[in-house]
Amino acid sequence: LLDHVYRNNPDETEWWKYVARLCCQSYWAFLRVGLGYRWMDPFWHGEVIAKFIDLNNDNDKLIILPRGSGKTATITTPYPVWKLCQNPFLLCQITNAAEDKAQAFTSTVAQLLVKTPRLKRMFPLVKPTTGQWSRKGYKLDTQFLMDSIQDGSMAMEGAVARTDPTLSSYGMRGNITGAHVGLQLHDDLITHEVARSPQLLLRCEDFLKEAFRCCDAHGEIIVCGTRWLFSDYYGKLLDGELSAHKGPFKVLKHGVYKENGDLVWPQRTFFDASGNLQKAGYTEEQLDAAKKDQFFAALYLCEPRAEGEQILEVSMVDIFETVPFPIGHIDCVVFEKEGAGEMISQAFSQQCRLEGRQEIRISTVSAGRTEKKEARITTILGNEINGGKLHVHRNVWKGNGNLGDEMRVFPQKGSGIHDDLLDCATYLVKLCKEPRPGELPR
């Protein structure tokens, strides 16, 4: 499209104006064309993240994405640049659990504004104030912009010269101040350290509430990061218990897997702007290694971790693509007899009769009155898991709401994740017969 426009209107100045308009209308165009980010994935960063931002422009947004998904490079640093190119009078605040990291983010935003050749050609009036471009805060030359408005070289409704820094940064342990802030971006206020401290978690929530009060009533707030625990502020934002001036946040929440079990961002190689070969994205091998982290469900599946001692040793489960040893015939199949379970049983029996197969006996197994599901899972399935005897196919293990999720949060109540698959797996262990001497495992 841009090539077509250039061929029909070879005036380079006009062409860059057209590119600027395109980038202002589409966040994906801004990332790919304006900043020239080649490493981004069209599905993950384009159809999921950028599309969500475009559809919810100016709304408060809660973005919960897995570690390594590129959320900082896709949102935290380029988003303020995008907004400032559209409105250079905007006041922006960036926060993080660590103040030096928040400062590094604002520094990156400033460097993108100053050193990206394409942006300088598309938005020539967005420039810094001499002598006020430092770690303490960054300020655009609003007086230059006001003069440009007055002489007619640019137009912007409601433009007012600012005395506060255009970009400022804050750490969660400090105090946040400001007024008439038009954009706040809160990036990873919860870290490994914070997640282990009830006092720091409470401080995080207080800091966020304090920050919301600094934002203008019509300003925009983006909270992005990882939901760690059921009691953290992400859960309150999801439930609408915690909100800012505009009410409940628009939510994008996604783990490393699609609904069909495929990776959202399979690893790919690319050449960066300097011509160096780089890799970006996920591999199954990387994720298998990461499963040993007790916070894996939070970091990669965006499901909070159970608070307290983890009962089932998830790292001891063998995840396979191909069965790692010879096996015999299928000995036992277990499914829950609730509603649809009865229908499945009847349909299964009917299909056996239609195909002339031997009808398989289906028995109902009921737990004793004194037998508790949690104790049954812990004692029967837990012994197999902790002994390294449980082997699970990858498609059963991964994904959202599958066996791996249930195992990681067990026995957390109110997590929104059930334990039905765990109970089925427990009955498999309980009912499956041990092989006779010389027989293959069933």
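This is a predicted model: local features need pLDDT of at least 70, side-chain atom pairs count only at pLDDT 80 or more; totals for chains, interfaces and linings use all residues.
**Exercise 1**

Work out how helix H2 and helix H3 are oriented to each other, and which residues bring them into contact.

*Solution.* Two packed helices are described by the angle between their axes and the distance between the axes. Begin with these two values: helix H2, which covers residues 12–25, and helix H3, which covers residues 27–34, pack at an angle of about 130°, and their axes lie 5 Å apart. Next, compare the angle with the cut-offs, which call angles over 145 degrees roughly antiparallel and angles from 65 to 115 degrees roughly perpendicular; H2 and H3 are therefore oblique to each other. Then look at the residues: on the H2 side Val19, Leu22, Cys23 and Gln25 take part, and they meet Tyr27, Ala29, Phe30, Val33 and Gly34 of H3. Sorted by class, this contact of H2 with H3 holds 7 nonpolar and 2 polar residues, with no charged ones.

**Exercise 2**

Describe the packing of H6 against helix H7, including the hand of the crossing.

*Solution.* Start again from the geometry: H6 and helix H7, the latter made of residues 99–115, pack at an angle of about 50°, with 9 Å between their axes. That angle makes H6 oblique to H7. The hand comes next, and the crossing of H6 and H7 is right-handed. Finally, list the partners: Pro78, Pro80, Val81, Leu84 and Cys85 from H6 form the contact together with Val109, Leu112 and Leu113 from H7.

**Exercise 3**

Locate threonine 77, decide whether threonine 77 is buried or exposed, and name the residues that threonine 77 touches.

*Solution.* First find the position, which is in the loop between helix H5 (71–76) and helix H6 (78–86). Then apply the cut-off: a residue is buried when its relative accessible area is under 20%, and threonine 77, with a relative accessible area of 6%, is therefore buried. Last, leaving out residues up to four places away in sequence, threonine 77 touches Thr72, Phe105, Thr108, Val109 and Leu112.

**Exercise 4**

Determine how many disulfides there are, and examine the surroundings of cysteine 23.

*Solution.* A disulfide requires a pair of cysteine sulfur atoms within 2.5 Å, and by this rule the count is 0 disulfides. For cysteine 23, the nearest cysteine sulfur belongs to cysteine 24 and is 7.2 Å away, and cysteine 23 is in no disulfide. Turning to accessibility, cysteine 23 counts as buried because its relative accessibility is 0%. Cysteine 302, at 0% relative accessibility, also counts as buried.

Methods: Residues are numbered from 1 along each chain as its sequence is written. Side-chain values use heavy atoms; hydrogens and water are left out. Axes are lines fitted to C-alpha atoms, for helices over the stretch in contact, and angles run from 0 to 180 degrees between N-to-C directions. Helices (H or I, at least four residues) and strands (E, at least two) are DSSP runs, numbered from the N terminus. Angles under 35 degrees count as roughly parallel, over 145 as roughly antiparallel, 65 to 115 as roughly perpendicular and the rest as oblique. Contact means heavy atoms within 4.5 Å. Ala, Val, Leu, Ile, Met, Phe, Trp, Tyr, Cys and Pro count as nonpolar, Asp, Glu, Lys and Arg as charged, and the others, Gly among them, as polar. Buried means under 20% relative accessible area, exposed over 50%, partly exposed in between (1.4 Å probe, protein chains only). A crossing is left-handed if the near helix is turned anticlockwise from the far one by less than a right angle, and right-handed if clockwise.
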